[in-house]
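This report describes the fold of a single protein chain, from its overall make-up to selected residues. Please consult the sequence and the structure shown below while reading.

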Amino acid sequence: SSGINAEWPLRPGVDGKRGGVLAHCFCSQTIYPGAFITNEWKVNLNGLYRVSQVHIYPRTDAYVNYLNKAKVYLDQQFCGEIIYWDRIPFYQISCGNMIGETVRIIGTEREMTLCEVEVYGKEADEDDVDPTEPDPSPTVGPTESPFVKATQESLRWERLVNVAPGHVTSQSEVYSYGYAANGNDNRTNGVWGHQSCIHTQVVHVTARPTVWGKVNLVFNYHIRKVVVHNRLDGSFHHINGVKVYAGEHECGEITYVPRQFTYVMDCGTDVYANSVKLVQDTPGLYLLVCEVEVMVPQRNVDLINSNIGDNLAQGKPTKQTTTQTAHATYGTYTSVLAVDGRTSGPDVMATLR
């Protein structure tokens, strides 16, 4: 690194932890650049790879717009520019399957905080001659990807798997410890005190017409069913009227049934989406659910994984031009924290806005 200031350290960024709260030590951070410094963070992939996408997770607890207009490069090849979007869980930049070995993120006139950087792709073949030639295969999408060709009849009998755990979550607001991340923590424990449920504030007709919770799945999955688990120890009726969406498609509305704690919403056979959202708009109720499972055919998961490749960045060597000084309470925040593999953290944005 060309300059080290010591407030937030040299290794977060590729630690696998996407939690966007700086004090949780999951993020790398540079110093304020000044007149003669360009903030830059980079990860060396230790070899040549065809890079399909770069996913960049911003800070979520403050200064959420500081990555605006940061540029992403694969070696010297330009992949794209980050455009700030309020409440976005991560920025997805396409590198068009170009070949290179170092992903670089160049900031602007502000400190640059990276809470996780994931680089997806595959090892380059020996016969890859032109490193700038894009892979002609289409990107994974609802109408053009190969899995669409599978017949609905064959999919009817295919094993479904839950793809929700580990993905970034958000919600309109939070009550107590009812964080959005509880909704896909792979625990169907419905006891409120065990801290495994989503809980928002109450819906009001004017001040708060709707409340919601959402899981961002990153890729377009063939979503067949969404399974919603209710609380087990009280306030059961608040699940009544919850609408379940896969992307823009409404899979259905939950009707509360006494002593029923699991509700299965059928999304049909032709719904492809990269998010699932639960919406409660009934006055006097709040969104309170204790697990959301997103059920997808196993072959769909396998195909998406084979198309995007693996995350190449995690654990690889990283550098950044400057590093903030160590924090007296929370420790250091180095460039490697952006590739450390840590993917979860409380959703605190709603409480701060």
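What share of the contacts in the chain with a separation of 6 or more is accounted for by residues 24 or more positions apart? Such residues account for 81% of these contacts, where contact means heavy atoms within 4.5 Å.

The model is predicted: local features need pLDDT of at least 70, side-chain atom pairs count only at pLDDT 80 or more, and totals for chains, interfaces and linings use all residues. Residues are numbered from 1 along each chain as its sequence is written, and side-chain values use heavy atoms, with hydrogens and water left out.

**Overall make-up**

The chain contains three helices and 22 strands; these are DSSP runs numbered from the N terminus, with helices (H or I) of at least four residues and strands (E) of at least two. Of its 353 residues, 53% are buried, that is, under 20% relative accessible area with a 1.4 Å probe and protein chains only. The accessible surface (Shrake-Rupley method, 1.4 Å probe) is about 15700 Å², and carbon and sulfur atoms contribute 50% of that surface.

**An open sheet**

An open, antiparallel sheet is built from four strands in the order β9-β19-β13-β16; two strands pair if DSSP finds at least two bridges between them. At the edges lie β9 and β16, each of which pairs on one side only. Neighbouring strands of the sheet are turned by 25° against each other on average, direction ignored. Strand β13 is joined to β16 by five bridges, and Val227 stands opposite Val264 in β16. Helix α2 lies across β9 and β19, at about 80° to β19; axes are lines fitted to C-alpha atoms, for helices over the stretch in contact, and angles run from 0 to 180 degrees between N-to-C directions.

| Element | Residues |
|---|---|
| β9 | 160-162 |
| β13 | 225-229 |
| β16 | 262-266 |
| β19 | 291-297 |
| α2 | 298-308 |

**Nonpolar cores**

A nonpolar core is a set of buried Ala, Val, Leu, Ile, Met, Phe, Trp, Tyr and Cys residues joined through side-chain atoms within 4.5 Å. The largest has 39 residues, of which Tyr221, Ile223, Val276, Leu278 and Val294 touch the most other members. Strand β12 gives the most to this core, with six residues. Leaving aside neighbours within four places in sequence, Val294 contacts residues including Val161, Leu217, Ile223 and Val276. A second, separate core of 29 residues includes Cys79, Ile82, Met112 and Leu114.

**Lys243**

Lys243 is located in strand β14. Its relative accessible area is 16%, so Lys243 is buried.

Methods. Buried means under 20% relative accessible area, exposed over 50%, partly exposed in between (1.4 Å probe, protein chains only).
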